[in-house]
Amino acid sequence: MTRHYEGKFALVTGSRRGVGRLIAEHLLIHGARVAGFARGESTIDHPDYAHFQVDIGDPESVLAGFSALRKITDSVQIVVNNAAVLTSQYAMIMPPEAAQAMLNTNLLGAFMVSREASKMMRKTRWGRIVNISSMAVSLEPVGDSVYAASKAGLSTLANVMAKELAPLNVTCNTLAVSAIRTDMLAQLPQEKIASVIAGLPIPRFAEPADIFNALDFFTSESSSYITAQTIYLGGVN
Amino acid sequence: MLDKNSVQEIIFQALNNINDERGPDEQIELGPETRLFGTDAALDSLSLVSVVVDVEEAVSGVSGRQISLTNDRAMSQTVSPFSDVSTLTNYILLLLSEA
């Protein structure tokens, strides 16, 4: 088992379940200290994991989370903006509050976390910010208007911040995952999922290892010249 | 309560943090009239951002109050708070004087 994250402190949002939990556990297994931001209580029991109950969709909650985080570390090297909420519905009947919640958590939340984390990264002049996006950006599925738009915004957010933070040796990239078996995916109709999978160039679900491979690439020491990029898994583009 | 000298020292410290990263020929001279923003400013845009973040953190740390130096109010001041060290000092003292 390689410990290629040894000495790194990572922050993962939405770390209680799904992709966020997988990523947090991956980072821990490979030697990182990890902080998790999520609304609920921790689901990870590891000596190098610290959990903070933060509502990513609420800027004040994010600021409070960073105040608490700074009490245990003055340095964060890796941020994975994973927290997301999904309501899939035709636009004409999408509740406005559900649309707002998606923008608040999926896009504004990632901005707030990146904003605060980059203040910490500037002191050590090293950082890796990875936004977790979705194949929905490219596939533009019916019902996912706001969700896909919020995820599309993550690439733009990363690309602009990549320019701002490049002098600080901080890279910002986006990893757009394809369908992976999570609670979020389980919300969607099975026939819709099957149809999407069948239409992928590589017609299968993503596995955790597929995500880890791209994440490790973005966060590695060797990737200092890789920034403002979006990787789609599964052949989506 | 922070007084004028204390606030000015915080700003100087933030400028010194920039100086630490600069060569001997690029040092910013510290004084009340050191220009922070504008065509003749001593700082580039990213350096100014770093100074703002450092000053916000330090003032909040010492006073126990969160302040924002870049909200709409700051941007709409007749004299920009970022004109020079003196104007920034006065703006911070104004913020701290308010309940």
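Let's start at Asn169(A), which is found in the loop between helix H5 (145–165) and strand S6 (170–177) of chain A. Before going on, a word on the model: it is predicted, so local features need pLDDT of at least 70 and side-chain atom pairs count only at pLDDT 80 or more, while totals for chains, interfaces and linings use all residues. Residues are numbered from 1 along each chain as its sequence is written, and chains are lettered from A and ligands numbered from 1 in the order in which they are written.

What is the phi of Asn169(A)? For Asn169(A) phi is positive, about 60°, although this residue is not a glycine. Most residues other than glycine have a negative phi. Asn169(A) counts as partly exposed, because it has 15 C-beta neighbours inside 10 Å. The rule is this: a residue is buried if 20 or more other C-beta atoms lie within 10 Å of its own, exposed if 12 or fewer, and partly exposed in between, with C-beta atoms placed from the backbone.

Arg125(A) also has a positive phi, about 55°, and is not a glycine. You will find Arg125(A) in the loop between helix H3 (96–124) and strand S5 (127–134) of chain A. Buried or exposed, then, for Arg125(A)? Arg125(A) is exposed, because 11 other C-beta atoms lie within 10 Å.

Met161(A) lies in helix H5 of chain A, and Met161(A) counts as buried, with 22 C-beta neighbours inside 10 Å. Leaving aside neighbours within four places in sequence, Met161(A) is in contact with Ser114(A), Ile129(A) and Cys172(A). Two residues are in contact if their C-beta atoms, placed from the backbone, lie within 7 Å. Ala38(A) is 123 residues from Met161(A) along the chain, and their C-alpha atoms are separated by 23 Å.

Thr174(A) is buried, with 28 other C-beta atoms within 10 Å. Which residues does Thr174(A) touch, not counting those up to four places away in sequence? They are Asn131(A), Ser133(A), Leu154(A), Ser155(A), Ala158(A) and Thr230(A). Take Thr230(A): Thr174(A) and Thr230(A) are 56 residues apart in sequence, but 4.5 Å apart in space, C-alpha to C-alpha.

Let's step back to chain A as a whole. Chain A has eight helices and seven strands. Buried residues make up 45% of its 237 residues. A compact globule with 237 residues would have a radius of gyration near 18 Å, and chain A, at 17 Å, agrees with that. The radius is taken over C-alpha atoms, and the globule rule is 2.2 Å times the number of residues to the power 0.38.

The largest nonpolar core has 66 residues, and Ala10(A), Ile23(A) and Val177(A) have the most contacts inside it. Such a core is a set of buried Ala, Val, Leu, Ile, Met, Phe, Trp, Tyr and Cys residues joined through C-beta atoms within 7 Å. A second, separate core of 18 residues includes Ile10(B), Ala14(B), Leu43(B) and Phe82(B).

That takes us to chain B. How many helices and strands does chain B have? Chain B has four helices and zero strands. Its radius of gyration is 13 Å, close to the 13 Å of the globule rule for 99 residues, so chain B is as compact as a globular protein of that length. Of the 99 residues in chain B, buried ones make up 25%.

Last, a pair of helices. In chain B, helix H1 (residues 4–20) and helix H4 (residues 85–97) pack at an angle of about 125°, with their axes 9 Å apart. That makes H1(B) oblique to H4(B). Axes are lines fitted to C-alpha atoms, for helices over the stretch in contact, and angles run from 0 to 180 degrees between N-to-C directions. Angles under 35 degrees count as roughly parallel, over 145 as roughly antiparallel, 65 to 115 as roughly perpendicular, and the rest as oblique. On the H1(B) side, Lys4(B), Val7(B), Gln8(B) and Ile11(B) make the contact, and on the H4(B) side, Val85(B), Leu88(B), Thr89(B), Ile92(B) and Leu93(B).

Note on methods. Helices (H or I, at least four residues) and strands (E, at least two) are DSSP runs, numbered from the N terminus.
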